[in-house]
Amino acid sequence: MTAQTCPRQHRNNTMDSVALEPSLYTVKAVFILDNDGNRLLSKYYDPDLYPSMKEQRSFEKNVFNKTHKADNEIAFLEGMTIVYKGSIDLFFYVVGSAQENELMLMAVLNCLFESLSQILRKNVERRCLLDNMDGVFLVVDEIIDGGVILESDPQQVVEKVNYRADDNPLSEQSVAQHLTEKLALTTTVLQSAKDQIKWSILK
C-alpha cells in the first residue's frame, strides 16, 4: 500500500513546489501608436526580438493593421501574444511570448493605461501624451524593468513616479515640498557660513 501511495505523494509534492516557485513573467515589448499607426513610444526588452529599427517598425505596423479596427483585446501574431487597448487617438500594446500568461500581460496593459490616465488627468490622447513624454517613460520604467514586471497597481506606480520632475504642473504639493527643502538647505548653508566667520573672528 505504501508503494502505491508514494508516486501520488511525489506528484503532489512536485505540483506544490511548482505552484510555490516564484515566476518572472517576461514582457517582450511595449509600444504606443497613434491612430495612423505611427510610433510615439516603444521599448523592446528582448535583444533578439526585432533587433533593428526597421524590423521593429514593420512589426508594429503589422500589429496595428491587425488590431486597430478589431473589437478584441488579444491578438496572436508572429509567434507573439499581444494585448492592446485603444483610447481616442492612441493604441497601447504589451507583447509577450506565445507561452506568456495573457492575464498578466493584460494586468500590465491596464496598469500602464490607468497610471497614464492619472498622470495625464484622464486626457489620454496624443497631444497630451507628447507633452508629457518624460512622465510616460517613468511610468513604463516603474511597471517593467528589463522585461520583468515590477508593478501592476497603478496607484503604486503613480506614487513611485510622483511625476518626478521639479516643474511638475500636475503636483503642486511636490513642487511646494521641493521649494521647502531647497529653502531649508539654503538656511543651513547660510548658518554654517555664519558660524565659520564667527569662529575665524574669534581666532
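Which residues in helix 5 meet Val157, Lys160 and Val161 in helix 6?

## Helix 5 against helix 6

The helix 5 side of this contact is made up of Leu138, Val139, Glu142 and Ile143. Keep in mind that this is a predicted model.

Two packed helices are described by the angle between their axes and the distance between the axes. Here, the axes of helix 5 (residues 133–143) and helix 6 (residues 154–161) come within 9 Å and cross at roughly 120°. As for handedness, the crossing of helix 5 and helix 6 is right-handed.

## The strand 1 and strand 2 hairpin

Strand 1 (residues 29–34) runs antiparallel to strand 2, and five bridges pair them. Take Val30: its bridge partner in strand 2 is Lys43. Four residues sit between the two strands of this hairpin, and Gly37 has a positive phi near 85°.

How much of strand 2 is buried? Five of the six residues in strand 2 (residues 39–44) are, so the rest of the structure largely encloses this strand.

## Glu125 in its loop

Now over to Glu125, which lies in the loop between helix 3 (102–119) and helix 4 (126–131). Is Glu125 buried or exposed? With a relative accessible area of 15%, Glu125 counts as buried, because the cut-off is under 20%.

The Glu125 side chain reaches the backbone nitrogen of Cys128 at 3.2 Å. Leaving aside residues up to four places away in sequence, Glu125 touches Ile88, Asp89 and Leu90.

Note on methods. Residues numbered from 1 in each chain as written. Predicted model: local features only at pLDDT ≥ 70, side-chain atom pairs only at ≥ 80, totals over all residues. Heavy atoms only, no water. Buried < 20%, exposed > 50% of the residue type's maximum accessible area, 1.4 Å probe, protein only. Polar contact = N/O pair within 3.5 Å; in protein donor to acceptor, adjacent residues only side chain to side chain. Contact = heavy atoms within 4.5 Å. Pairing = 2+ DSSP bridges. Axes fitted to C-alpha atoms, helices over the stretch in contact; angles between N-to-C directions. Left-handed = near helix turned anticlockwise from the far one by under 90°.
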